[in-house]
Amino acid sequence: MAKLLLILLIGLIFEATGVVLLKKGITQIGDVGKITPGEVVRIIKAGVTNPTVLLGVFFEALFFACLLILMSKSDITFLWPLTALSFVMTTLAALLFLGEKVSPVRWAGVILIMIGAALISYSEHSKQKPVAVAQTSARDGSVIK
């Protein structure tokens, strides 16, 4: 369990890093005027040549790799809600690295996400482990596991 949470934490750091880099990169590209086919092509061309955007995509891919590892080892009903912690990490990263202001209402939302993640984590810890039931053979009375 601790190993899974460590992979999740690393993945969430990758996710927050990726989002911050994507935001910085798209800011470097410039404002999107009207959304037209020509403008979309311009943004895509600028994005695939912008090192900051490409680095952001790389970190998002690392997050995705962590997510695939976690999906192979845990219940999705446990894992997926915990990925909401990326909102917490990204909010903190935006505050620290982008200088964004976070209103009290947004902090309340972050706290609610953290409470939800704690409840989900607690539910995984308190889940009963399956108990092996011994069965007896009808012929000789021996125990079958």
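The following exercises, each with a worked solution, concern a predicted model.

Residues are numbered from 1 along each chain as its sequence is written, and side-chain values use heavy atoms, with hydrogens and water left out. Local features need pLDDT of at least 70 and side-chain atom pairs count only at pLDDT 80 or more, while totals for chains, interfaces and linings use all residues.

**Exercise 1. State which pattern the protein follows along the sequence.**

Solution. Helices (H or I, at least four residues) and strands (E, at least two) are DSSP runs, numbered from the N terminus. The protein has six helices and two strands. Read along the sequence, their pattern is α-α-α-α-α-α-β-β.

**Exercise 2. Determine how H1 and H3 are oriented to each other.**

Solution. Two packed helices are described by the angle between their axes and the distance between the axes. Axes are lines fitted to C-alpha atoms, for helices over the stretch in contact, and angles run from 0 to 180 degrees between N-to-C directions. The axes of H1 (residues 2–29) and H3 (residues 51–73) come within 7 Å and cross at roughly 155 degrees. Angles under 35 degrees count as roughly parallel, over 145 as roughly antiparallel, 65 to 115 as roughly perpendicular and the rest as oblique. H1 and H3 are therefore roughly antiparallel.

**Exercise 3. Determine how H1 and H5 are oriented to each other, and identify residues that meet.**

Solution. The axes of H1 and H5 come within 9 Å, at a crossing angle of roughly 45 degrees. The two helices are therefore oblique to each other. Among the residues that meet are Val20 and Lys24 in H1, and Ala94 and Phe97 in H5.

**Exercise 4. Decide whether phenylalanine 97 is buried or exposed, and list its contacts.**

Solution. Phenylalanine 97 belongs to helix H5 (residues 85–97). Buried means under 20% relative accessible area, exposed over 50%, partly exposed in between (1.4 Å probe, protein chains only). Because its relative accessibility is 57%, phenylalanine 97 counts as exposed. Contact means heavy atoms within 4.5 Å. Leaving aside neighbours within four places in sequence, phenylalanine 97 is in contact with Val20 and Lys24. The C-alpha atoms of phenylalanine 97 and leucine 21 are separated by 9.6 Å, although these residues are 76 residues apart along the chain.

**Exercise 5. Describe what surrounds threonine 91.**

Solution. Threonine 91 also lies in helix H5. Its side chain reaches the backbone oxygen of phenylalanine 87 at 2.7 Å. Leaving aside neighbours within four places in sequence, threonine 91 is in contact with Val102, Trp107 and Val110.

Key: Polar contact = N/O pair within 3.5 Å; in protein donor to acceptor, adjacent residues only side chain to side chain.
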